[in-house]
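Let's take a friendly look at salt bridges in a protein model. Have the sequence and the 3D view at hand as you read along.

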Amino acid sequence: MTIKEKISRILPVYGWVPLAAELTLNMLVYSGAKLIAGKWYHYNLETSLDRAIPFIPWTVLIYFGCYLFWAANYVICVRQGRREAYRFLSADFLAKCICLFFFLGLPTTNIRPEVTGSSIWDEAMRFLYWVDSADNLFPSIHCLTSWMCYIGIRGRKNIPFWYRGFSCLMAAAVFISTLTTKQHVVVDVAGGVLLAEICYWIAGRTRLGEWYGQLFTRVSAYIFRT
């Protein structure tokens with residue numbers, strides 16, 4: 001069995017190029033917006049509720065750990081067949097493009113607490129704040145992606161009920177972690193969830209998924225032929 005055949009048993013070939021494109025787009029949107037709007041005026045959308053939410057350093061474990069959750073669920077969603085895979089991926093692609101619009105049109109920031117402790121979680125928080133500046137907050141890509149990972153398998157009877165439940169709870173845990181690490185505020189969380197729902201609905205009610213699939217089918221055919 002070739003390497004390609006081994007990999008395709010986990011992730012179908014039709015998902016290879018689209019997933020690579022999704023990852024690239026995510027990086028371009030997030031990093032590109034920082035480069036373009038980094039010195040622009042940023043709005044603070046904090047409310048009294050946000051200020052009342054405690055800073056809990058250990059929840060950075062959830063904030064970082066969710067990348068494993070995303071990887072697993074993106075693969076699971078793509079394995080649901082071409083039609084469902086392209087609906088999911090096109091919705092995600094659209095959502096990230098809309099995120100770029102907001103990052104540039106409504107740059108946001110928040111006030112981060114001073115991390116004074118010396119525990120491993122405090123060190124992890126200092127690292128997070130060092131690598132990730134307080135911008136590109138609304139809508140929260142962390143919350144958007146986590147909820148997309150849930151709605152992509154929501155109602156799928158071939159996915160065990162316990163795992164669908166776990167995915168919902170994991171997404172909720174990510175929402176909380178974005179607030180308790182002071183990476184985001186409540187409106188960022190709500191914006192990410194709402195955007196995921198709207199884009200998934202659009203992809204299911206229009207030909208967006210079909211167009212997306214046609215495009216990447218051609219791109220994939222060209223890449224693997226050459």
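## Salt bridges in this model

In this predicted model, counting side-chain nitrogens of Lys or Arg within 4 Å of a carboxyl oxygen of Asp or Glu gives six salt bridges.

| Pair | N to O distance |
|---|---|
| Lys34 and Asp135 | 2.3 Å |
| Glu123 and Arg126 | 3.0 Å |
| Glu197 and Arg154 | 2.9 Å |

Start with the salt bridge between Lys34 and Asp135. Lys34 belongs to helix α2 (residues 16-37), while Asp135 sits in the loop between α6 (120-131) and α7 (141-151), so this contact ties together parts that are 101 residues apart in sequence. Is Asp135 buried or exposed? Asp135 counts as buried, because its relative accessibility is 9%, and the cut-off for buried is under 20%.

Next, find Glu123 and Arg126. Both are in helix α6, three residues apart, which is about one turn of the helix. Glu123 is partly exposed at 43% relative accessible area, and Arg126 is also partly exposed, at 28%.

Now turn to the salt bridge of Glu197 with Arg154. Here Glu197 lies in helix α9 (residues 186-205) and Arg154 in the loop between α7 and α8 (161-180), so the pair links parts that are 43 residues apart in sequence. Glu197 is partly exposed, with a relative accessible area of 26%, and Arg154 is partly exposed too, at 35%.

Definitions and conventions
Residues numbered from 1 in each chain as written. Predicted model: local features only at pLDDT ≥ 70, side-chain atom pairs only at ≥ 80, totals over all residues. Heavy atoms only, no water. Helix = DSSP H or I, 4+ residues; strand = E, 2+ residues; numbered from the N terminus. Buried < 20%, exposed > 50% of the residue type's maximum accessible area, 1.4 Å probe, protein only.
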